[in-house]
Amino acid sequence: MRVALFADIHSNLDALTACLAEAEAHGAERYAFLGDLVGYGAEPAAVIDLVAGYAARGAIVVRGNHDEAVLAGDTASMRDVAAAAVDWTRGRLDARRLAFLEGLPLTVREGEALYVHASAEEPEQWTYVSDEYMAARSLAASHGARYVLCGHVHEPTLFYTSAAERPVPFTPVPGRAIPVPSHRRWLVVVGSVGQPRDHDTAACWAMLDLARHTLTFHRVPYDWRAAAAKIRAAGLPEYLAARIERGE
Amino acid sequence: MAEALQIGATLDGFRIEAQVHSGGMAVLYRVSGPPTGFPLLMKVPRLGHGEPASSLISFEVEQMVLEALEGRHVPRFVAKGDLAKVPYLVMEQVEGQSLHEWVARAPLPAEEVARLGAAVADALHSLHLQDAIHLDLKPANVMIRPDGEAVLVDFGLAHHGQFPDLLAEEYRRPIGSAPYISPEQIAGGRSDPRSDLFSLGVVLYELATGELPFGRPTSEGGLRARLWHAPQPPRAVAPGVPEWLQEVILHCLEVDARDRYPSASQVAFDLAHPDHVAVGDRGRGLRKPGRLSVLRRWVRAVGYEPPEVPRASAAVARASIVLAAVASTHADPAQADAIREAVRRILATGEHTRLAVVSVVRPTPELGGSTREETASRQRIRHLVALRHWAEPLHLSAGQVAFHVVESAEPAEALLAYARANHVDHIVIGAPPRDVALRGMLGAVSTRVAPDAAPEPLSFFRLLGTVSTKVAAEAPCTVTVVRARTS
């Protein structure tokens, strides 16, 4: 079973369609969307429609903090640009699309894998898994899952556990299938589809092969010029357009 | 895990034929299975009571790294068994002899040490280009094929930059083989390809002298001694060791990785061209460095931190070997200048780039007796003088540039052979004059139309025109074809 993983799409339809096309070409059999479908980008409705179509065909979709903020209208904990994007997004979603976001669970457990947006420890707190310590806490709260798959942090990282169950971070090389045998535990930060931040403009996604126990991180160049132009045309903060142009 | 597999039993389609080795960490079996065109070896880790957990992690590392590696310098990977069920690794059984067997006959003549050392350096370079570092190089982990090529085996301590380093966090204590381990590995460093060059230096020392430069330390303190005690110079141990070989060996054994050769290909280059080794104090010394030097070394050792290293392949890329194909006769001065300028720009981009200036000349005509020898030698010197003069404006140090006059009637083949044998990363070669390409084509056409009527001048131009084309088409690396700007 090959599961294609997508996180932090952030209303970037151009990036998402590029990733989905590549995932299909790589033989994806299952799709998982790890939260933050919306926020920042200019095409929230189209992204929700696309993801909802996959969900109707059995894809896993979990809720992210931006999705929740759009539902609740609560941007108190957000920075200005994020808050502005959330407010803008709220005005662009009809009841049907809001209901889709409303129906998203915080976590999905399926077999050896746990799908979650941020840390598995109190997922509603949206804690960033940004170091070994946070990775250890997320793994500890994952009820024995061998693979914890998340986003929220936009830089792709693989945490693997040593014999002492201490997670160690690894920055993956795109396109290289990494053996992830299930006698160890693995925490995967997939990286962002719609707003990469590691100084590479290419969109991130990953493929977890649960039969062969391999994980491959991928990068897809996409038309970020078009996505940035849409952000500007929508009147969203200039910073959000500049960010995807620089990949930071 | 059972201590031994039954002979005749079958595991995942592989039939156990015979046990060929029983070591501390693993047992090796000869197996048969699906046809691969080469003999198969199965490695099974010892995992019974009393076996350290580290041997399983090591085995996991070896499974992962070997599967990812390619080329003639590693055993070909065939299959692996799930660690949670029956862990095993099936790979090519390398034909040849262990380098360990040469150690038993050491000290060996310098030429043989250089030949074996260059073969091992070739193998290391192939590994480093793939982002992998062996980290346990020793004679027992090198096989020499019947054709003289080296194959590295046992990747249980290896580091591969494209995979998680499962060993990085497991050990606070140094891992490796005590006589061969590099100073930075003692300090826990696992990401510097030059660690393998230090171990190669120990192997070269051992082959050249029959002794180990740092003995066989059994304590961590004993291991650390190599940080401040320089080894006896090889020539003090075995007087037959030439200065150039000592220079190479001690250059590999520098404590600070930044003072070592920057890449295995450059070690191989020096071992293949002893006359181009820039021999300095390191090569000439017959005594251990004095107390002052020990003190200096010690002071550095106290604050010792392994240098930061990017991916192995990136580090190696900054230490490239550039080949400049220069005509030593009938030269077009504008083109010779243009080639030099192109080379200057390439050298400016690399930190440790070395330049090989190569000229291919036609074989000296047969004149008979000693006259031929004399003529050939005079010719050779004349060409070398021209090449050295060409390179003077680049102001390169002796160790940074080498000059070669190659006799061949097939210039393109000769350049390509040189590039392959010396791991050249970039070839700079002159383009034919602009009209020659066209006339060369005409020559080719006329040859096809009337094979006997191809006029001599055209075929000569055709030859000229096709050297750079052929080199560009078949080179194992980047080729820059240079043409002087015309008005």
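Hi everyone, let's start with the sheet in chain A: six strands form an open sheet in the order β4-β5-β6-β10-β7-β8, with mixed pairing. Strands here are DSSP runs of E with at least two residues, helices are runs of H or I with at least four, and both are numbered from the N terminus. Two strands pair if DSSP finds at least two bridges between them. At the edges sit β4 (107-110) and β8 (167-170) of chain A, each pairing on one side only. From one strand to the next, the twist averages 15°. Angles run from 0 to 180 degrees between N-to-C directions, and axes are lines fitted to C-alpha atoms, for helices over the stretch in contact.

Before I go on, a word on the source: this is a predicted model, where local features need pLDDT of at least 70 and side-chain atom pairs count only at pLDDT 80 or more, while totals for chains, interfaces and linings use all residues. Residues are numbered from 1 along each chain as its sequence is written, and chains are lettered from A and ligands numbered from 1 in the order in which they are written.

Back to that sheet. Strand β7 (residues 157-161) of chain A joins β8(A) through four bridges in the antiparallel sense, and A:Thr161 is opposite A:Pro167 in β8(A). Which helix packs on this sheet? Helix α6 (residues 132-140) of chain A does, touching β6 (147-150), β7, β8 and β10 (186-189) of chain A, with its direction at about 120° to that of β8(A). Contact means that the C-beta atoms of two residues, placed from the backbone, lie within 7 Å.

Now chain A as a whole. Its secondary structure comes to eight helices and twelve strands. The C-alpha atoms of chain A fill a box of roughly 50 × 35 × 35 Å along the principal axes. A compact globule of 248 residues would have a radius of gyration near 18 Å, and chain A agrees with 17 Å. That radius is taken over C-alpha atoms, and the globule rule is 2.2 Å times the number of residues to the power 0.38. Of the 248 residues of chain A, 49% count as buried; that takes 20 or more other C-beta atoms within 10 Å of a residue's own, while 12 or fewer makes it exposed, and in between is partly exposed, with C-beta atoms placed from the backbone. Among contacts in chain A with a separation of 6 or more, 71% come from residues 24 or more positions apart.

Over to chain B. Strand β4 (residues 40-45) of chain B runs antiparallel to β6 (residues 89-92) of chain B, with four bridges. Strand β5 (residues 77-80) of chain B is also antiparallel to β6(B), through three bridges. B:Met91 in β6(B) is the bridge partner of B:Leu41 and also stands opposite B:Phe77.

Next, B:Glu184, in helix α4 (residues 183-186) of chain B. Why does B:Glu184 count as buried? Because 24 other C-beta atoms lie within 10 Å.

Last, the two chains together. The contact takes 14 residues from chain A and eleven residues from chain B. On the chain B side, eight are nonpolar, one is polar and two are charged. Here Ala, Val, Leu, Ile, Met, Phe, Trp, Tyr, Cys and Pro count as nonpolar, Asp, Glu, Lys and Arg as charged, and the others, Gly among them, as polar.
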